[in-house]
Amino acid sequence: MDKILEYQTAVKTIIQDYVSYYYEESTLNVQTIFDDEQGHYVLIHLGWQEDQWRYGIPLHMDIIEDEIWIQRNQTEVDLEDELMALGVLEEDIVLGFYTSADTTNK
């Protein structure tokens with residue numbers, strides 16, 4: 001299988017598994033946006049929870065060239081470990097929400 005197709009499958013699997021596990025009994029509307037052509041993969045939740053409107057994007061990953069960029073991860077899931085368990089190379093994972101100064105100390 002082509003590397004990009006493998007990475008698309010890995011990202012979609014992680015997002016779908018997260019939705020199945022964490023939003024199974026939620027009253028929130030959950031939307032997954034999978035744009036293979038542009039390389040964008042987003043999880044959105046929205047709706048009324050008790051007396052408050054909720055809207056959030058807990059997960060956002062992009063595939064840019066041959067790398068998976070984790071743009072946002074507001075979950076307890078270690079996306080790097082999950083991606084590597086699905087065959088993604090560690091050097092192909094970029095933490096997009098860190099500055100270059102943050103990553104030099106890791």
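This is a predicted model: local features need pLDDT of at least 70, side-chain atom pairs count only at pLDDT 80 or more; totals for chains, interfaces and linings use all residues.
**Entry 1. Burial and overall layout**

Residues are numbered from 1 along each chain as its sequence is written, and side-chain values use heavy atoms, with hydrogens and water left out.

I counted 3 helices and 5 strands in the protein. Helices (H or I, at least four residues) and strands (E, at least two) are DSSP runs, numbered from the N terminus. Read from the N terminus on, the order of elements is α-β-β-β-β-α-β-α. Along the principal axes, the C-alpha atoms fill a box of roughly 45 × 35 × 25 Å.

In soluble globular proteins, nonpolar side chains tend to be buried together.

I also looked up V88, which sits in the loop between α2 and β5. V88 counts as buried because its relative accessible area is 4%. From V88 to I68 I recorded 8.6 Å, C-alpha to C-alpha, at a sequence separation of 20 residues.

**Entry 2. Salt bridges**

How many salt bridges does the structure hold? I found 2, a salt bridge being a side-chain nitrogen of Lys or Arg within 4 Å of a carboxyl oxygen of Asp or Glu.

One of them joins D92 to K3, with the closest N and O atoms 2.8 Å apart. This pair links distant parts of the chain, since D92 is in the loop between α2 and β5 and K3 is in helix α1, 89 residues apart. D92 is buried, at 8% relative accessibility, whereas K3 is partly exposed, at 33%.

D36 forms a salt bridge with K12, where the closest N and O atoms are 2.8 Å apart. Here too distant parts of the chain are linked: D36 lies in the loop between β1 (29-35) and β2, and K12 lies in helix α1, 24 residues away. I list D36 as partly exposed, with a relative accessible area of 35%, and K12 as partly exposed, with 21%.

**Entry 3. Surface patches**

I then turned to patches, which are made of residues with over 30% relative accessible area and no salt bridge; like charges are joined within 9 Å, and nonpolar side chains (Val, Leu, Ile, Met, Phe, Trp, Tyr) within 5 Å. Accessible areas come from the Shrake-Rupley method with a 1.4 Å probe, and for residues only the protein chains shown count as cover.

Which residues make the nonpolar surface patch of about 430 Å²? They are W48, W53 and Y55. W53 belongs to strand β3 and is partly exposed, at 47% relative accessibility.

A negative surface patch is formed by D17, D78, D81, E82, E90 and E91. Lys and Arg count as positive and Asp and Glu as negative, while His and the chain ends are not counted. The place of a charge is NZ of Lys, CZ of Arg, CG of Asp or CD of Glu. I located D81 in helix α2 (residues 79-85); D81 is partly exposed, with a relative accessible area of 45%.

**Entry 4. Positive phi values in loops**

I checked residues other than glycine with a positive phi and noted E50, with phi near 60°. E50 is placed in the loop between β2 and β3 and is exposed, at 78% relative accessibility. E65 has a positive phi near 55°. The loop between β3 and β4 holds E65, which is exposed at 69% relative accessibility.

Methods
Buried means under 20% relative accessible area, exposed over 50%, partly exposed in between (1.4 Å probe, protein chains only).
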